[in-house]
Structures are given as C-alpha cells and as structure tokens.
Amino acid sequence: PPGAGFDSEPNHVLLRNDHGIRGLIPPKHGRPSKTGKPPAGYWRRLMKSLLRTKRRRRKHGYTQRAQVETSNSMIKRNLTDELTSRSYPAQNRELRLIVLTHNLMILCFG
C-alpha cells in the first residue's frame, strides 16, 4: 500500500528500477492482515519471505541495522540532517564528504 512508509511497494520499485539498488526493507508498516495473508506487492512479499527468520536475515546480510541507525542518527545530530546540493552527482559528493567528516570525527575525538 502507498501508506506503508519506507517499505512501500513504490519505494522498492524506485530502488530497484531507477537506482539499481537491492533493498532489504522488512515489510512491517501498515495494517497487518487479519487472515495472515502476505503483503500485496511483489517486492514486499519477497522481503517478508527473505527476512522471515533470524537465520534468513543473517544469510541475506540484514544483520547490523542498529549500527546503521546509530550512525545515521549521529550524522544527523552532529553534522547535518539535510543536503544543500541540488543535482544527484553533487548530492553524492556531499554525502561522501559528510561520511568522511563523520569518520574523521570518530578517529579524532573517539
């Protein structure tokens, strides 16, 4: 459903078709099915299947979400929570610079 948040079917399509990114987003948002049916969209159904158990999540590389969320939170809190660049290549350069700055801050200030 369109209101499913980050794990919506349109977001999976955008990642895969437009950007060539293989996303691993658990389909947890939205109303759970009363009958236990899987999610309606193809990619959301696939994610439900791929990330069904802890063992399967490990197998597909979905293991360090907490560390990623912590890094994102630190960057947003300490550096910035928005990009100023307008073009996609410039945004990529800006993101690389932010990550580099973040890593240098960790090395210098512990």
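R65 and E69 both belong to helix α4 (residues 65-78), where they are four residues apart, about one turn of the helix. In this predicted model, the two residues form a salt bridge, with 3.4 Å between the closest N and O atoms. A search of the whole structure finds one salt bridge. R65 has a relative accessibility of 46% and therefore counts as partly exposed. E69, with a relative accessible area of 40%, is likewise partly exposed, since this class lies between the limits of 20% and 50%.

The C-alpha trace spans about 50 × 30 × 25 Å along its principal axes. Of the 110 residues in the chain, 22% are buried. Among contacts with a separation of 6 or more, 40% join residues 24 or more positions apart.

Two packed helices are described by the angle between their axes and the distance between the axes. Helix α1 (residues 9-19) packs against helix α2 (residues 42-50) at an angle of about 90°, and their axes are 8 Å apart. Angles of 65 to 115 degrees count as roughly perpendicular, and α1 and α2 are therefore roughly perpendicular to each other. On the α1 side, E9, H12, V13 and R16 meet Y42, W43, R44 and M47 of α2. The residues of this contact comprise four nonpolar, one polar and three charged.

Key. Residues numbered from 1 in each chain as written. Predicted model: local features only at pLDDT ≥ 70, side-chain atom pairs only at ≥ 80, totals over all residues. Heavy atoms only, no water. Axes fitted to C-alpha atoms, helices over the stretch in contact; angles between N-to-C directions. Helix = DSSP H or I, 4+ residues; strand = E, 2+ residues; numbered from the N terminus. Parallel < 35°, antiparallel > 145°, perpendicular 65-115°, else oblique. Contact = heavy atoms within 4.5 Å. Nonpolar A, V, L, I, M, F, W, Y, C, P; charged D, E, K, R; others polar. Salt bridge = Lys/Arg side-chain N within 4 Å of Asp/Glu carboxyl O. Buried < 20%, exposed > 50% of the residue type's maximum accessible area, 1.4 Å probe, protein only.
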